[in-house]
Amino acid sequence: MELTFSSASSTAWLSRLLVIFSLLIFKTTALIKLPPNEMVTGVMAFGDSIVDPGNNNNLPTLIKSNFPPYGQDFEGGVPTGRFCNGKVPSDFIAKELGIKDTVPAYLDPNLKPQDLITGVSFASGGSGYDSLTAQLVSVISMPAQLDHFREYIAKLKQLVGEERTKFILAKNLYLVVAGSDDLANTYFVLRARKLQYDIPAYTDLMLNSATHFLKELYGLGARRIGVFSTPPIGCVPSQRTLSGGIERGCANDYNVAARSFNKKLYAALNSLGTSMPDGRFVYVDIYNPLFDLIKNPGEYGFEVADKGCCGFGYYEVAILCNKWSPTTCTNVSKYIFWDSYHPTENAYRALLRPLLPKYVSKFF
Ligand SMILES: *[C@@H]1O[C@H](CO)[C@@H](O)[C@H](O)[C@H]1NC(C)=O
């Protein structure tokens, strides 16, 4: 009798403990809830350095980050080629969807077959919708990223067969993150298009390429496509140094150009969704949340919004930190920017956490 009682109560106690334990796990992984009977097979990314996990590592380009201090907080300090101290948005999104911890580079020589099934990134730091953008810095253009995607599809077919490949292609989530290098580098800093194009004409050129890219992506089988808006590029530390004056304000003309492109992108995505009704072309507004983060860092637990953690601090004009950058800040958690252009892992986290629940239902 005694024995039965005690074992029953210990079972009850154990199950209660398990409930508490699983609640704790649920809380820390913060998985996004999908609609019933829906699934996302993998996360794929195209575009620029915001979602490039190291595709530039073996290219003859200066746009690289596979050396310290990059990656100082990535899996114990690995400079993978991510333009960050830690994880980038594609990693966070795959993790939140419960797919995997990180999305590797398609050109990673150690890529495993399983990674083809759960998602890879084709993005290349320095790339953009305007093909000239990639060409100017010798990185992978968006059409060339699509060529890699075609090669990927052939590999996936060999791995899982024709039917399953079609299914995976349709159930993947595709992230397209580009446009900021077109505006910041090609247009404003290098002035490579400035003589022939004013802002409205140049943002039209970007939009035409973006639309063409998205139609091709759809044509290859993608259906759930999230397109990030351009960020407030006038507020990155390097722009503040170059044209923010003594106050280190945001460069207004850069932000006006970014908003002009975003407005056109928003309208174009809506019309793509109408002409291809089984496709989801989702405009993801990054501009406003990042602008708010930069304007009110304290509200999000940050202290420094106008200079990067690595580099020459207020005097940094280069976008990337390099082997000769003198210092890395003592506490990266206080910084919104890691180098003079790219947010820190913590800033990405603060930015993406509220966005994912907001946007996820739009893909189904
Ligand atoms: C780093 O900064 C964060 C955010 O301000 C703070 O919570 C943390 O305690 C700091 N860490 C150290 C070691 O000072």
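**Entry 1: helix H7 and what follows**

The model is a predicted one, in which local features need pLDDT of at least 70, side-chain atom pairs count only at pLDDT 80 or more, and totals for chains, interfaces and linings use all residues. Residues are numbered from 1 along each chain as its sequence is written, and side-chain values use heavy atoms, with hydrogens and water left out.

I noted that helices are DSSP runs of H or I with at least four residues, numbered from the N terminus. Helix H7 covers residues 180-189, and nine of its 10 residues are buried. Buried means under 20% relative accessible area, exposed over 50%, and partly exposed in between, with a 1.4 Å probe and protein chains only. Among the buried residues of H7 are Ser180, Leu183 and Phe188. I then checked the packing: the buried residues of H7 pack against helix H4 (131-136), helix H8 (199-219) and helix H10 (252-275). Contact here means heavy atoms within 4.5 Å.

**Entry 2: aromatic rings**

I took the rule for rings next. Rings of Phe, Tyr and Trp (its six-membered ring) pair if their centres lie within 6.5 Å; planes under 30 degrees apart count as stacked, over 60 as edge-to-face and the rest as tilted. I got a count of 18 aromatic pairs by this rule. The rings of Tyr187 and Tyr202 have centres 5.1 Å apart and planes at 25°, so this pair is stacked. Tyr187 lies in helix H7 and Tyr202 in helix H8, so the pair ties together parts 15 residues apart in sequence. I found both Tyr187 and Tyr202 buried.

Tyr287 and Phe291 are also a stacked pair, with 6.0 Å from centre to centre and 15° between the planes. Both lie in helix H11 (residues 287-295), four residues apart, about one turn of the helix. Is Tyr287 buried or exposed? I read 4% relative accessibility, so Tyr287 counts as buried. Phe291 has a relative accessible area of 28% and is partly exposed.

**Entry 3: two packed helices**

I looked up helix H2 (residues 89-96) and helix H12 (residues 345-359), which pack at an angle of about 45° with their axes 10 Å apart. This makes H2 oblique to H12. Angles under 35 degrees count as roughly parallel, over 145 as roughly antiparallel, 65 to 115 as roughly perpendicular and the rest as oblique. Residues of H2 including Phe92 and Ile93 meet residues of H12 including Tyr348 and Leu352.

Notes. Axes fitted to C-alpha atoms, helices over the stretch in contact; angles between N-to-C directions.
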